[in-house]
Structures are given as C-alpha cells and as structure tokens.
Amino acid sequence: MLFTKKQAYHASQCRKDVINRLTGSHVTIHNYDFEIFEKGKTLRIIPHAEQENAITTLPITDVEMKETGDKTDIVITSKMRHLDLGGPLLIVAFCTFLLLASIVSVYVDRNRIITYTLLGLSTFIFSVFYVRLQMGYYDYVRKISAYIRNRMEFAEV
C-alpha cells in the first residue's frame, strides 16, 4: 500500500509478556485516544475519533508477534484507515496528472511557460501535502511505535 509503514523489532520478553504489557491500555496522542486490544494472534491499535469533527488522517496499527525461543519477533504495521484514504489518494492522483501533463506538454506544445507552470504546481502541491502528512499521519505512526518501544525492551532489526 502507498501509506503503509512496517517496522520490525526483537523483544527480549516472551509473547505472553508482550501481550500483557500492551493489551487493555490506552495511548493519548494529540488529544486522540488509541485503544490496544487483542484480535486473533495480533494486537490492534485503533483510534477513537467518533466524536471529533476535525478532518484528520489516523492510522490503524497491527502488532504481529512471532515467538522465537524465549524472545519475540515483533512487526508493527501501520496503515491508513479506509475512511481517510480517499483524500490523500486524490491528491497523489492529481499531482501525478499534473506531472504527466507537463511531460506531455514538453513534446506536444513545446510551450515552456505552461510546462514549467504545471511542473511547479505539481511539485508545490505535493510538497505541501508531504509536509502535512509528516506533521499529521506519520507523526501518529511514529508516536505509536515509540509508545510500543518504550513499553518493551527492543533491539531494532
């Protein structure tokens, strides 16, 4: 997926200890409450944003655990909620369309003003989008991962 981030770690605890340390707890990030619960063989971290009216892009995080001896391999996968995915995909598609239009304009029209305007507009819109994504969505992803790392003793893979 386009907005999916995976991180792998080795925990020095067994799988049951990892589950006991994380399940049932709540994480508060930027006034949003994230709940950690067990779903099947994985842990799931989901946001509670039902009462919020602000437009934010929030991640759903899956924590997959595989026991290897007395240690546990943990893979943290964060992905965008399906509810929030439409806007960012639309912006990426629009920027791609502007970039392709500028490339076509070079060969068809050979008008440099239109070509550079389309290219600059595409670059500007994508840059603003990328900065906003880093300040919003990926900030949540980083803070959830940091919360999990702080609760465990990890050595990064």
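Q: OK, what's the mean pLDDT of the protein chain?

A: The mean is 86, and 93% of the residues reach 70 or more.

Q: Which elements have the lowest and the highest mean pLDDT?

A: Strand β7, residues 154–156, has the lowest at 52. Helix α3, residues 112–135, has the highest at 94.

Q: And how should I read the coordinates where pLDDT is low?

A: Where pLDDT is low, the predicted coordinates should not be read in detail.

Q: Got it. You mentioned R142, so which residue does R142 form a salt bridge with?

A: With D139, and their closest N and O atoms are 3.9 Å apart. Both residues lie in helix α4, three residues apart, which is about one turn of the helix.

Q: Is D139 buried or exposed?

A: D139 counts as buried, because its relative accessibility is 13% and the cut-off for buried is under 20%.

Q: How many salt bridges does the count come to?

A: Five. One of them joins R44 to D62, with the closest N and O atoms 2.8 Å apart. That pair links distant parts of the chain, since R44 is in strand β4 and D62 is in strand β5, 18 residues apart.

Q: What else forms a salt bridge with D62?

A: K79 does, with the closest N and O atoms 3.8 Å apart. This pair also links distant parts of the chain: K79 sits in strand β6, and D62 in strand β5, 17 residues apart. Put together, R44, D62 and K79 are linked in a network of salt bridges.

Q: Switching topic: what's in the largest nonpolar core?

A: That core has 23 residues, and L22, F34 and I148 touch the most other members. The elements that each supply at least two residues are β1 (5–11), α1 (15–22), β2 (26–29), β3 (32–39), β4 (42–48), β5 (59–68), β6 (71–80) and α4 (137–151).

Q: Which of those gives the most?

A: Helix α4, with four residues.

Q: What is L22 in contact with, leaving aside its neighbours within four places in sequence?

A: Its contacts are I36, L43, Y147, I148, R151 and M152.

Q: What does the second, separate core include?

A: That core has eight residues, among them M80, L85, F129 and V141.

Q: Now the surface. Which residues make the nonpolar patch?

A: L99, L100, I103, V104, V106, Y107, V108, Y116 and L119 make it, and the patch is about 880 Å². Helices α2 (86–108) and α3 are the elements that give two or more residues, and α2 gives the most, with seven.

Q: What about Y107, is that one buried or exposed?

A: Y107, found in helix α2, has a relative accessible area of 62%, so Y107 is exposed.

Q: And T115, buried or exposed?

A: T115 is in helix α3 and counts as buried, because its relative accessibility is 6%. Leaving aside its neighbours within four places in sequence, T115 is in contact with S102, S105 and V106.

Q: Where does I46 sit, and what is it in contact with?

A: I46 is found in strand β4. Apart from neighbours within four places in sequence, I46 is in contact with D33, F34, E35, F37 and I60. With a relative accessible area of 22%, I46 is partly exposed.

Q: Last one: where does S12 lie?

A: In the loop between β1 and α1. S12 and D70 are 58 residues apart along the chain, while their C-alpha atoms are separated by 7.3 Å. S12 itself is partly exposed, with a relative accessible area of 39%.

Methods:
Residues numbered from 1 in each chain as written. Predicted model: local features only at pLDDT ≥ 70, side-chain atom pairs only at ≥ 80, totals over all residues. Heavy atoms only, no water. pLDDT = per-residue confidence, 0-100. Core = buried A, V, L, I, M, F, W, Y, C linked by side-chain atoms within 4.5 Å. Buried < 20%, exposed > 50% of the residue type's maximum accessible area, 1.4 Å probe, protein only. Contact = heavy atoms within 4.5 Å. Patch = residues over 30% accessible without salt bridge, like charges linked within 9 Å, V, L, I, M, F, W, Y side chains within 5 Å. Areas by Shrake-Rupley, 256 points an atom, 1.4 Å probe, with all protein chains shown as cover. Salt bridge = Lys/Arg side-chain N within 4 Å of Asp/Glu carboxyl O.
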